[in-house]
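Here's a quick tour to go with the structure. Keep the viewer open and follow along.

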Amino acid sequence: MKSLLSAFVATIVLIGSANGMTVTKGNGDDWLKKSTKTAVSQLTRAAQTYTPGMNPRSVNPDGTVRLAPPRDWTTGFFPGTLWYGYELSGDKNLAAEAKRFTLALDTIQYVKDTHDLGFMLYCSYGNAYRITGDKIYLKPLENGAANLYARFNKKVGAIRSWDFGHWQFPVIIDNLMNLEYLYWAGKEFNKPEWFDAAKTHAVTTMKNHFRKDYSSYHVISYDTLSGKVLQRETHQGLTNESAWARGQAWGLYGYTMSYKDTKDKKFIEHAEHIAAFIMNHPAMPADKIPLWDFDVHNRDRSPRDASAAAVIASALLDLSTQVKDGQKYFKFAEDILKTLSSDEYLAKPGENQFFILKHSVGALLYNSEIDTPLNYADYYYLEALKRYAEIKKIDLKTINQS
């Protein structure tokens, strides 16, 4: 009788605080305990292996690690993942390593030739300040935000993404991710023009990047004199008209986050439309880990992209807390996380060059980072685990000590 009662208690249904979502807590979350323990193990070994300022980015075809110097767009993800690892586990050694790898990126605050400053600084220094409140992180964040804002063109109504290529004023869907940095910095440093620029960029992107089915183009080039669209293209997707999976993920995340920061209802409505496109797409595999592009023809031979899946999961969990019927988004994200936490995608401790996830795709058209670990897949995976635990009110520090 006692064992039956225990089993009943372990599967009792709890009512989540986020918009009345019904969630189940108990033995069914063993995958969560396993995944966080694996993450802590991998991050601990990685921090002892790699050198601050040259952060692990991916694994080359020959098995060596591709490292990211400070100017690389992905360089902020490894310190950010260490910070998330600390939050999930309470491991003070990870906090110390996170600080060490974050402060090694000090020079990024002076970079002016890229939009990726959100990825580079907000994922590292931003998480560091959010978690610790240590003002040592503030000045680099202020300087970096000023440089990001300087790339905003009022005529276009957007932040310039790249300073290379054949485009006059390129804006990529990825750029939505950097808006979180400006939303926060505008409030933190009393710079309302920074906040307004981020919101204007989101509006401009919503107007010009999306098709009728709410899939998005990758690159839009604008005329700087008239502000009109000159080209709609891709740089990483299959074709100009295809739905590059990670691009769709960036869009979903960007508009969910923009609503949370601005409370402008058109953003959350747009996020839900993007979510419907992704969740109901006929090319979405049963395990919910998308192919690298939704429009590939040889689906049985095309690689999956765990990085896109991780971003989608994190975004859907955030979306689930912003709307009344969030359960469908929570459940889809939970399914993604369970797949990513399976042996197919989750590395075994000590393997995978100490990355957490396997099977991501960077830029297939350029034969770059195909079916490999990626540091941003790990970052958004841990962010998603953190959001999942918060929604279900699970104290991962406690369960991982048991």
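Where is the place of Ala68? Ala68 lies in strand β4, which covers residues 65-68. Bear in mind that this is a predicted model.

- Ala68 is buried, and its relative accessible area is 0%.
- Pro56 sits 12 residues away from Ala68 along the chain, and the C-alpha atoms of these two residues are separated by 6.1 Å.
- Leaving out residues up to four places away in sequence, Ala68 touches Gly53, Met54, Asn55, Arg57, Thr74 and Thr75.
- Over in strand β10 (residues 360-363) you'll find Ser360, which counts as buried at 0% relative accessibility.
- Ser360 has contacts with Arg304, Asp305, Ala306, Ser307, Glu369, Ile370, Asp371, Thr372, Leu374 and Ala377, again not counting residues up to four places away in sequence.

**Helix pair α3 and α4**

- Two packed helices are described by the angle between their axes and the distance between the axes.
- For α3 (residues 77-89) and α4 (residues 92-103), the axes come within 8 Å and cross at roughly 160°.
- That angle is over 145 degrees, so α3 is roughly antiparallel to α4.
- The crossing of α3 past α4 is left-handed.
- On the α3 side, the contact is made by Phe78, Pro79, Leu82, Trp83, Gly85, Tyr86 and Ser89; α4 brings in Lys92, Leu94, Ala95, Glu97, Ala98, Lys99, Phe101 and Thr102.
- Sorted by class, the contact of α3 with α4 has nine nonpolar, three polar and three charged residues.

**Helix pair α10 and α11**

- Helix α10 (residues 265-279) packs against helix α11 (residues 306-320) at an angle of about 135°, and their axes are 11 Å apart.
- This makes α10 oblique to α11.
- Here too the crossing is left-handed, with α10 passing α11.
- From α10, Ile268, Ala271, Glu272, Ala275, Ile278 and Met279 meet Ile312, Leu316 and Leu319 of α11.
- The contact of α10 with α11 has eight nonpolar residues, one charged and no polar ones.

**Nonpolar cores**

- In soluble globular proteins, nonpolar side chains tend to be buried together.
- In this model, the largest nonpolar core has 121 residues, and Leu316, Leu340, Tyr380 and Tyr381 are those with the most contacts inside it.
- There's also a second, separate core of seven residues, with Ala158, Val171, Tyr217 and Tyr222 among them.
- Back to Leu340: not counting residues up to four places away in sequence, Leu340 touches Ile289, Ala306, Ala309, Ala310, Tyr345, Leu346, Leu357 and Tyr381.

**Positive phi angles**

- Most residues other than glycine have a negative phi.
- Tyr214 isn't a glycine, yet its phi is positive at about 75°.
- You'll find Tyr214 in the loop between α8 (192-208) and β8 (219-222), where Tyr214 is partly exposed with a relative accessible area of 28%.
- Asp371 also has a positive phi, near 50°, in a residue other than glycine.
- The place of Asp371 is in strand β11 (residues 368-372), and Asp371 is partly exposed, with a relative accessible area of 44%.
- As listed above, Asp371 is one of the residues that Ser360 touches.

Terms used: Residues are numbered from 1 along each chain as its sequence is written. This is a predicted model: local features need pLDDT of at least 70, side-chain atom pairs count only at pLDDT 80 or more; totals for chains, interfaces and linings use all residues. Side-chain values use heavy atoms; hydrogens and water are left out. Axes are lines fitted to C-alpha atoms, for helices over the stretch in contact, and angles run from 0 to 180 degrees between N-to-C directions. Helices (H or I, at least four residues) and strands (E, at least two) are DSSP runs, numbered from the N terminus. Angles under 35 degrees count as roughly parallel, over 145 as roughly antiparallel, 65 to 115 as roughly perpendicular and the rest as oblique. A crossing is left-handed if the near helix is turned anticlockwise from the far one by less than a right angle, and right-handed if clockwise. Contact means heavy atoms within 4.5 Å. Ala, Val, Leu, Ile, Met, Phe, Trp, Tyr, Cys and Pro count as nonpolar, Asp, Glu, Lys and Arg as charged, and the others, Gly among them, as polar. A nonpolar core is a set of buried Ala, Val, Leu, Ile, Met, Phe, Trp, Tyr and Cys residues joined through side-chain atoms within 4.5 Å. Buried means under 20% relative accessible area, exposed over 50%, partly exposed in between (1.4 Å probe, protein chains only).
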